[in-house]
Amino acid sequence: MDAAPERQDVAPEQGQGWLEERLGLRRVARRVLDRPVPEGVTWFHCFGGLTFFTFIVLVVTGIVLAFYYVPSPDHARASVAYIDSSLPFGSLVRNLHRWSAYAMIVLVFLHMVRVFVHGAYRKPRELSWVVGVLMLLAVLALGFTGYLLPWDQKGYWATNVGINIAGSVPVVGTYLADLLRGGHELGALTLLRFYALHVFVLPLLVGVGLVAHFAMIRKQGISKPL
Amino acid sequence: MRWGLGSVTAAIAAVLGAFGLPPIIAPAFRHTKSPWSPIGKIGAPEAGQADLALQGQVVATTFTRTLTDAFMPPQAQQTAVFVVNLGNGQFDVFDARCTHLGCPVSWNQSTNEFYCPCHGGVFNMQGNVVAGPPPRPLDRYEWKVQDGVLYAGGLYRVKGES
């Protein structure tokens, strides 16, 4: 019988910390962060990363807002007013959330334009484009659902119009609009389901899309600039 | 083992979907009955109230309905309508929202037309589309007259010319 192959354990280097000795995080960090990029990469290649940055800001500020916001018609406006006026740093957090949302929409389009102009969507990166477009739709849906949450006149009527646009879809439009509204009239259930979509469903979808998006960049590298 | 794990995962997803989806889509298929609500007495209007006895004229008014919105306590809600007394005890009660995207329409006395400010939808006194993007005539409320009082019931749609 052949002898069992010798185990290839890496001997712990001198000076390694307790955690490093057990998990080898430095090697992981090197593999994740130190990646070669093609020559000629410009600042225009930053739009995707900046979009991701705004997403992180939105998640963090959104979690803070969720500590105070009440998604109910009789308390939504009051709780938003409380965040704005009484909560220390509340208006800062809420405005960060609002402006990051605006910035994300702008940056995600700039990112898409950059990828389009550079032709970076071509083989083998078609799936990155497809996942990106799906995330774009989810981001627009996040903007649409978030607009209603302050439960003010602007948000109420914008949602009214937006749902009526969905209702103009042939054949299934009426059901689509009722599904979005949670009934025949815009009301408590609409606010609640927009809230659920805004804080649970859509961010989860974007998160899953981001993991796929980044995994594909890892696998394929970023495309050479034209 | 490979198949086993896949099947178990699929089964869990199917069960979660079967119990998770119905509550989410159910409210879209539930119909609530609209109660009959008084719009106003026909003739002899009190001060500040619309005169529903005037025939062949569009009267802009509101009526109050007590509606229950899901888990919220029942609440009185003002609804804007246009009432036309057609004579012979016949009425048209138009919903004030444009059938295009739901903006409120206003009655233009000089042109005898309803006009929507959002995208220029125009309706005539019968509620039919004269111009602009609205896909159907103005929606209407069921109505009835009881003891000289005009009541509004459920909202309904009219397809095409009416």
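Student: How many bridges join β9(B) to strand β10 of chain B?
Tutor: The model here is predicted. Strand β10 of chain B covers residues 149–156. It runs antiparallel to β9(B), and the bridges joining the two number six.

Student: Which residue of β10(B) is the bridge partner of B:W143?
Tutor: β9 of chain B covers residues 140–146. Look across from B:W143 into β10(B). The bridge partner there is B:A152.

Student: Which residue in the turn of the hairpin of β9(B) and β10(B) has a positive phi?
Tutor: Two residues lie between β9(B) and β10(B) in this hairpin. One residue in the turn has a positive phi of about 55°. That residue is B:D147.

Student: Is B:D139 buried or exposed?
Tutor: B:D139 sits in the loop between β8 (129–131) and β9 (140–146) of chain B. Its relative accessibility is 8%. The cut-off for buried is under 20%. So B:D139 counts as buried.

Student: Which side chain is joined to that of B:D139 by a polar contact of 3.0 Å?
Tutor: Away from its sequence neighbours within four places, B:D139 is in contact with residues including B:V93, B:F94, B:D95, B:L155 and B:Y156. The polar contact is another matter, with 3.0 Å between side chains. The partner of B:D139 in it is B:R136.

Student: How many of the six residues of strand β4 of chain B are buried?
Tutor: Strand β4 covers residues 90–95 of chain B. It is largely enclosed by the rest of the structure, because the buried count among its six residues is five.

Student: Which residue in β4(B) stands opposite B:N85?
Tutor: Strand β3 of chain B, residues 75–87, runs antiparallel to β4(B). Six bridges join the two. Opposite B:N85 stands B:F91.

Student: Where does B:N88 lie, and is it buried or exposed?
Tutor: B:N88 lies in the loop between β3 and β4 of chain B. In the turn of that hairpin, its phi is positive, about 55°. Its relative accessible area is 78%. With the exposed cut-off at over 50%, B:N88 is therefore exposed.

Student: Which strands stand at the edges of the open sheet in chain B, each with a single partner strand?
Tutor: The open sheet has four strands, in the order β5-β6-β7-β8, with antiparallel pairing. An edge strand has a single partner, so one side of it is left without a neighbour in the sheet. The edge strands of chain B are β5 (106–108) and β8.

Student: Which residue in β6(B) does B:N108 stand opposite?
Tutor: Strand β6 of chain B covers residues 113–115. Three bridges join it to β5(B), and the two run antiparallel. B:N108 stands opposite B:E113.

Student: What is the area buried between chain B and chain A?
Tutor: The contact takes 16 residues from chain B and 21 residues from chain A. Carbon and sulfur atoms give 65% of the buried area. In chain B, B:A28, B:F71 and B:L101 lose the most area to chain A, together 34% of what that side buries. The area buried between the two chains is about 1,500 Å².

Student: How many residue pairs are in polar contact across the interface of chain B and chain A?
Tutor: The side of chain B that touches chain A has nine nonpolar, three polar and four charged residues. The residue pairs in polar contact, both at pLDDT 80 or more, number three.

Student: Is A:F89 buried or exposed?
Tutor: A:F89 lies in the loop between α4 (76–85) and α5 of chain A. Its phi is near 65°, a positive value in a residue other than glycine. Its relative accessible area is 65%. The cut-off for exposed is over 50%, so A:F89 is exposed.

Student: What separates the C-alpha atoms of A:L96 and A:Y69?
Tutor: A:L96 sits in helix α5, residues 90–118 of chain A. It is partly exposed, with a relative accessible area of 39%. A:Y69 is 27 residues away along the chain. The C-alpha separation is 16 Å.

Key:
Residues numbered from 1 in each chain as written. Chains lettered and ligands numbered in written order. Predicted model: local features only at pLDDT ≥ 70, side-chain atom pairs only at ≥ 80, totals over all residues. Heavy atoms only, no water. Contact = heavy atoms within 4.5 Å. Buried area = accessible area lost by both parts, 1.4 Å probe. Polar contact = N/O pair within 3.5 Å; in protein donor to acceptor, adjacent residues only side chain to side chain. Nonpolar A, V, L, I, M, F, W, Y, C, P; charged D, E, K, R; others polar. Buried < 20%, exposed > 50% of the residue type's maximum accessible area, 1.4 Å probe, protein only. Pairing = 2+ DSSP bridges.
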